[in-house]
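Student: I should like to understand the reasoning behind the terms applied to a structure such as this one. May we go through them step by step?

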Amino acid sequence: MILIGEKINGAIPSVAKAIAAKDADFIRNLAKVQSEAGVDFLDVCASVDNDIELETLKWLIDLVQEVSDIPISIDSPNANVIAEAIKFCNKPGLINSVSMEGNKVEVIFPIIADTKWECVALLCDDTGIPQDTEKRLEVFGALMAKAKQYNIAPSRLHIDPLVQMLCTSEDGILAIMEVIKEIKAQYPKIHITGGASNISFNLPIRRLVNQAFIVLAMGAGMDSAIVDPTKQDLMGMIFATEALLGQDEYCMEYIGAYREGKFGQK
């Protein structure tokens, strides 16, 4: 599982407070604890007003890179801001994100075409978030046509099928599972990602729903997730599921993660 640490996000009240106060130590510590938990990317999202977003991203990225060499995931709804923020990163990381909405793909794909940058792609377009499997797959087809145009290999893409709140769904996550399976069938080397916590909004004991979702989604083909890596129960569930799916020979990764204290210690 490719893990994208979610904790440096201005939408989180404690992080917003740290950004407003320019509390550099708070941000550095978030980078450290997530790096130690074993993430593959550190998501950095400012969630501030447009006029200060780029400078805030630079401040955050600089702080993260002072204490960690984990690649950055640049997180913004503004493709032009992402295009500029790429310049602040010491190494290729992850763009979070593009979609078929507006000109986002046309801004980002040419910039990363001949690089090692990877990219999250959301299955939505100018009509919004598709509510059925067929429409999501249509958007996916359009995205892949653009990726081919710019010679971006499927292995560099993390497709987000856009998981929505379980409590507003009539059929649970069956449609999402169908989308994941079909995408992986078409492109075995492509990645499937998503925010694991989106599924549980407005439900009690959200961590249980999140963990159950991760297990089912991994079974369908999800191999990338935006998570809080300090949640040991969730991390343990991910390692256990990989072992059960035959993705961890002789359970060595599971055993190693336990010995390193990534789960089961508290």
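**Pockets and a helix**

Tutor: The largest pocket holds about 1,100 Å³ of space. It is lined by 41 residues, and those closest to its centre are Glu6, Gly195, Ser197, Asn198 and Ile226. Please bear in mind that this is a predicted model.

Student: What makes a residue part of the lining of a pocket?

Tutor: A lining residue has an atom within 4 Å of a point of the pocket. In the largest pocket, 41 residues line the space, and they divide into 16 nonpolar, 13 polar and 12 charged. Helix 8 gives the largest share, four residues.

Student: Why is the largest pocket said to lie between domain 1 (2-228) and domain 2 (231-265)?

Tutor: Both domains give residues to its lining, so the largest pocket lies between them. Among the elements that each supply at least two lining residues are strand 1 (2-9), helix 8 (206-220) and helix 9 (232-244).

Student: How do you know that the span of helix 9 agrees with its 13 residues?

Tutor: At 1.5 Å a residue, helix 9 should span 18 Å; its end C-alpha atoms are 18 Å apart, and therefore the two values agree.

Student: Why are residues of helix 9 such as Leu234 and Phe239 called buried?

Tutor: Buried means under 20% relative accessible area. Leu234 and Phe239 are buried, as are Met235 and Ile238, among others in helix 9. What covers the buried residues of this helix includes strand 1, helix 2, helix 8, strand 8 and helix 10 (252-259).

Note on methods: Residues numbered from 1 in each chain as written. Predicted model: local features only at pLDDT ≥ 70, side-chain atom pairs only at ≥ 80, totals over all residues. Heavy atoms only, no water. 1 Å grid on protein atoms, 1.4 Å probe; cavity = no way out; pocket = protein on both sides within 12 Å on 5 of 7 lines; lining within 4 Å. Points joined across faces, edges and corners; volume = space filled by probe spheres on them. Nonpolar A, V, L, I, M, F, W, Y, C, P; charged D, E, K, R; others polar. Domains from an automatic or database assignment. Expected span 1.5 Å × (residues − 1). Buried < 20%, exposed > 50% of the residue type's maximum accessible area, 1.4 Å probe, protein only. Contact = heavy atoms within 4.5 Å.
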